[in-house]
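Please look at the sequence and the 3D structure below before reading on. The report then goes through the parts one by one.

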Amino acid sequence: METTPAFEGLRCVDCEETFDPDEATHRCPDCDGILDPTYDYDALDVTRETFESRRFDSMWRYEELLPFTRDSAVSMNEGGTPLVECPKLADEMGVGEVYIKDEGRNPTGTFKDRGQTVAVTAAVQHGAEEVALNSAGNAGQAAAAYAGRADLHSHVFLPSRAGFTNKAMVNVHGGDMNIVEGRIGDAGAAYADAMDEHDDWYSVKTFVTPYRHEGKKTMLYETVEQLDWEVPDAVVYPTGGGVGLVGMHKAAEEFRDLGLTDELPAMYAAQAEGCAPVVRAFEEGRDVHEPWDAPDTICGGIEIPDPGASPMILDALRESDGGAVATSDDDILEAAAVVAKREGVEMGATCAAAASGAWELSEQGEFGEDDTVVLLNTGSANKDADVIRSHLMSKGI
Ligand SMILES: *Cc1c(COP(=O)(O)O)cnc(C)c1O
Ligand SMILES: [Zn+2]
């Protein structure tokens with residue numbers, strides 16, 4: 001494998017055993033826990049100048065802190081997204097500054113590209129020819145795109161309620177698309193059956209591959225660098241499986257431990273009231289979630305009733321002194337419309353949970369008046385313009 005010099009291997013977050021990345025490809029061979037890439041940070045000689053001296057053109061500019069070399073990456077220059085200042089939002093929320101990290105400007109329109117570029121690179125290095133996953137939509141589209149670029153065949157399992165753009169683009173990228181009646185869990189069951197039948201399919205599913213959260217670390221690296229190495233006070237993240245949240249918290253710890261920064265941003269998980277297992281577990285002081293019984297939200301990307309990495313998410317929220325917040329679909333869609341109208345930034349429906357969540361947190365007095373608050377716009381509104389437009393219609397507009 002073409003790994004980077006400091007990349008050591010994969011450590012199981014449950015039994016803490018470590019494995020050679022040539023041999024362990026997905027979950028822990030001993031206990032089926034989540035595997036997490038580890039590095040020899042002492043061997044790394046990176047400073048702020050190391051990164052500042054590079055063009056801001058791709059997330060792979062942080063290759064020292066990623067498992068694979070930039071040269072070997074299956075990449076479309078994902079990442080390097082803008083951090084857009086939103087003064088009107090800052091005013092309304094009563095904080096110093098609000099920024100939106102605009103992940104809509106990625107190759108397939110969401111931050112899922114940051115996960116798939118690393119996961120598909122790993123698939124190539126492991127000699128896979130077929131990749132597979134189930135997804136609410138965006139990860140499936142991203143996987144089909146990166147698989148196509150790497151000459152791999154992709155098998156994507158989407159629930160019938162996935163958005164039209166996702167379904168169309170899986171086809172356009174040449175993926176094998178399987179629409180499963182129902183929701184993400186139903187698509188997951190169909191995917192699991194298919195995986196049982198096909199020994200040679202390589203999973204690029206959330207927290208089954210160790211590499212998706214690794215790619216998403218780069219959102220935090222970029223944000224800190226874009227703020228001239230100032231760590232934001234709060235980061236609000238629309239949370240489903242928590243891949244990005246876990247990744248960004250890891251990234252914040254890495255930058256701090258490397259001496260590039262000296263604190264951690266408070267991480268906040270924003271969910272929809274119709275499916276908020278992480279918020280409930282956080283509020284009840286639990287270390288692990290309980291599956292949400294009847295998930296029901298229009299925000300497909302965060303309608304994840306049984307997020308397997310909830311212990312990692314809850315750890316990140318508590319270690320960083322952050323929190324969790326749930327808002328209604330109506331408030332979420334309203335936030336998408338208000339941000340688009342007032343700041344111009346096009347937040348996807350799911351993504352706007354970060355904005356409505358931040359509003360709610362500001363009303364709860366969670367932020368200080370000088371705080372810098374970063375909202376993750378995980379994907380572009382283009383993917384669900386119709387959903388946001390219908391919210392206006394429901395108000396007679
Ligand atoms: C997948 C997705 C999320 C949730 O991401 P996790 O890291 O799994 O919590 C949020 N927003 C959008 C647009 C997504 O596609
Ligand atoms: Zn283990």
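Donors are N, O and S atoms within 2.8 Å of the metal (3.2 Å for Na, K and Ca), and since water is not among the atoms, sites may look incomplete. Along the chain, the donors of the zinc ion (ligand 2) follow the spacing C-x2-C-x12-C-x2-C. Strands (E, at least two residues) and helices (H or I, at least four) are DSSP runs, numbered from the N terminus.

The protein donors are Cys 12 (SG), Cys 15 (SG), Cys 28 (SG) and Cys 31 (SG), lying 2.2 to 2.4 Å from the zinc ion (ligand 2). The angles among the 4 donor atoms are 98 to 118°, and the site is tetrahedral. Four donors count as tetrahedral if all angles lie between 85 and 135 degrees; four count as square planar and six as octahedral if opposite donors are over 155 degrees apart and all others between 65 and 115; anything else is irregular.

Buried means under 20% relative accessible area, exposed means over 50%, and partly exposed is in between (1.4 Å probe, protein chains only). Cys 28 is buried, with a relative accessible area of 4%, while Cys 15 is partly exposed at 35%.

## How the model is described

This is a predicted model, in which local features need pLDDT of at least 70 and side-chain atom pairs count only at pLDDT 80 or more, while totals for chains, interfaces and linings use all residues. Residues are numbered from 1 along each chain as its sequence is written, chains are lettered from A and ligands numbered from 1 in the order in which they are written, and side-chain values use heavy atoms, with hydrogens and water left out.

## The sheet of six strands

An open sheet is formed by 6 strands in the order β4-β5-β13-β10-β11-β12, with mixed pairing. Two strands pair if DSSP finds at least two bridges between them. At the edges stand β4 (83-85) and β12 (323-327), each with a single partner strand, so one side of each is left without a neighbour in the sheet. On average, neighbouring strands of this sheet are turned by 25° against each other, direction ignored. Axes are lines fitted to C-alpha atoms, for helices over the stretch in contact, and angles run from 0 to 180 degrees between N-to-C directions.

Strands β10 (residues 234-238) and β11 (residues 266-272) pair in the parallel sense over 5 bridges. Pro 238 has Ala 270 in β11 as its bridge partner. Helix α12 (residues 329-343) packs on the sheet and touches β4, β5, β11 and β12, its direction making about 95° with that of β12. Helix α8 (residues 218-226) lies across β4, β5 (97-102), β10 and β13 (372-377), and runs at about 135° to β5.

## Ala 234 in β10

Is Ala 234 buried or exposed? At 2% relative accessibility, Ala 234 counts as buried. Ala 234 is found in strand β10. Contact means heavy atoms within 4.5 Å. Leaving aside neighbours within four places in sequence, Ala 234 is in contact with Ala 266, Tyr 268, Phe 367, Thr 372, Val 373 and Val 374.

## The sheet of four strands

Another open sheet has 4 strands in the order β8-β7-β6-β9, with parallel pairing. Its edge strands, β8 (176-180) and β9 (201-203), each pair on one side only. Strand β6 (residues 130-134) is mostly covered, with 4 of its 5 residues buried. Strands β6 and β7 (residues 153-159) run parallel and are joined by 5 bridges. Val 131 stands opposite Ser 154 in β7, and Asn 134 stands opposite Phe 157 in β7. Helix α5 (residues 164-172) lies across β7 and β8, running at about 165° to β7.

## Lys 112

UniProt lists Lys 112 for "modified residue: N6-(pyridoxal phosphate)lysine" in an unreviewed entry. UniProt positions are given in the numbering used here, feature names are shortened, and annotations may be inferred rather than shown by experiment. Lys 112 is in helix α3 (residues 112-125) and is buried, with a relative accessible area of 16%. Leaving aside neighbours within four places in sequence, Lys 112 is in contact with Asn 138, Ala 139, Ala 142, Arg 212 and Lys 216.
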